[in-house]
Amino acid sequence: MTQTSEDVTWLTQEAYTKLKEELAYLSGPAREEVTAKIAAAREEGDLRENGGYHAAKEEQGKQELRIRQLTQLLEKAKVGEAPTSADGTVAPGMVVTIAFDGDEDDTMTFLLASREYASADVETYSPQSPLGSGVIGQKVGEDAEYELPNGKKASVTILKAEPYNG
């Protein structure tokens, strides 16, 4: 199955390793701990009025959700592979410099990647964010428009788009 660049989550090696460790912990020792809590609370009797049981079951639900999220994220992750777009087309994994309303004195540079797992060296915007989805696929020199949270439109000009090599 081929993945489009929008499906990919770009991660640093450090972030990928950290997430793999979190998944291993949640799938192993943490899962055993919450199962033990549930078993201990069951032994206390009536489950309808057992706060410890309900809290443990809620914790288990949150933990299983996080396990699913991490599994899906890691399946789509690309580690250390920057896009090779030599034509200046904006894609996830690229550092993009934009000018607001075409004003080259009002610029911003950011990494187009998953915010939660990006490098701390550069501000990061998700490809699914309003700005990210507005600039993705655009080329250097082109204008892009995106919708702000208040419903108004904003316009930017793509000044630079280079593969991230952090």
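**Layout and contacts**

Modeller: From the N terminus on, the elements of the protein chain run β-α-α-α-β-β-β-β-α-β-β, and please keep in mind as we talk that this is a predicted model.

Colleague: How many helices and strands does the secondary structure come to?

Modeller: The secondary structure of the protein chain comes to four helices and seven strands.

Colleague: And what percentage of the residues count as buried?

Modeller: Of the 166 residues of the protein chain, 38% count as buried.

Colleague: Let's turn to charges. How many salt bridges does the structure hold?

Modeller: The structure holds five salt bridges. One of them pairs Arg 31 with Glu 64, where the closest N and O atoms are 2.8 Å apart.

Colleague: Which side chain does Lys 37 meet in a salt bridge?

Modeller: The side chain of Lys 37 meets that of Glu 59 in a salt bridge, at 3.1 Å from N to O. Here too the pair links distant parts of the chain, with Lys 37 in helix H2 and Glu 59 in helix H3, 22 residues apart. Lys 37 is partly exposed, with a relative accessible area of 43%, and Glu 59 is also partly exposed, with a relative accessible area of 31%.

Colleague: Why can such side chains pair in the first place?

Modeller: Side chains of opposite charge can pair when their charged atoms come close.

Colleague: Fine. What does Glu 147 form a salt bridge with?

Modeller: Glu 147 forms a salt bridge with Lys 153, and the closest N and O atoms of that pair are 3.9 Å apart, which falls within the 4 Å cut-off for a salt bridge. Glu 147 is partly exposed, with a relative accessible area of 44%, whereas Lys 153 counts as exposed because its relative accessibility is 53%.

Colleague: Staying with charge, which residues form the negative surface patch?

Modeller: The negative surface patch is formed by Asp 101, Asp 103, Glu 104, Asp 105 and Asp 106. Of these, Asp 105 sits in the loop between strand E3 (94–100) and strand E4 (107–112), and Asp 105 counts as exposed because its relative accessibility is 76%.

Colleague: You mentioned strand E3, so what about Met 94, buried or exposed?

Modeller: Met 94, which is found in strand E3, is buried, with a relative accessible area of 0%. The C-alpha atoms of Met 94 and Leu 112 are separated by 5.6 Å, although the two residues are 18 residues apart along the chain.

Colleague: Back to helix H3 for a moment. What joins the side chains of Arg 66 and Glu 22?

Modeller: A polar contact of 2.9 Å joins the side chains of Arg 66 and Glu 22. Arg 66 lies in helix H3 and is buried, because its relative accessible area of 19% is under the 20% cut-off.

Colleague: And where is Leu 73 found?

Modeller: Leu 73 is found in helix H3 as well, and Leu 73 is buried, with a relative accessible area of 12%. The C-alpha atoms of Leu 73 and Thr 9 are separated by 7.0 Å, while the two residues are 64 residues apart along the chain.

Colleague: How far apart in space are Ser 27 and Gln 63?

Modeller: Ser 27 and Gln 63 are 8.8 Å apart from C-alpha to C-alpha, and 36 residues apart in sequence. Ser 27 lies in helix H1 (residues 13–27) and is partly exposed, with a relative accessible area of 31%.

Colleague: One more serine, then: where does Ser 129 lie?

Modeller: Ser 129 lies in the loop between strand E5 (124–125) and helix H4 (130–135), and Ser 129 counts as buried because its relative accessibility is 7%. A polar atom of the Ser 129 side chain lies 2.9 Å from the backbone nitrogen of Gly 132.

Methods: Residues are numbered from 1 along each chain as its sequence is written. This is a predicted model: local features need pLDDT of at least 70, side-chain atom pairs count only at pLDDT 80 or more; totals for chains, interfaces and linings use all residues. Side-chain values use heavy atoms; hydrogens and water are left out. Patches are made of residues with over 30% relative accessible area and no salt bridge: like charges are joined within 9 Å, nonpolar side chains (Val, Leu, Ile, Met, Phe, Trp, Tyr) within 5 Å. Accessible areas come from the Shrake-Rupley method with a 1.4 Å probe; for residues, only the protein chains shown count as cover. Lys and Arg count as positive and Asp and Glu as negative; His and the chain ends are not counted. The place of a charge is taken as NZ of Lys, CZ of Arg, CG of Asp or CD of Glu. Helices (H or I, at least four residues) and strands (E, at least two) are DSSP runs, numbered from the N terminus. Buried means under 20% relative accessible area, exposed over 50%, partly exposed in between (1.4 Å probe, protein chains only). A polar contact is a pair of N or O atoms within 3.5 Å; within protein, one must be able to donate a hydrogen and the other to accept it, and residues adjacent in sequence count only if both atoms are side-chain atoms.
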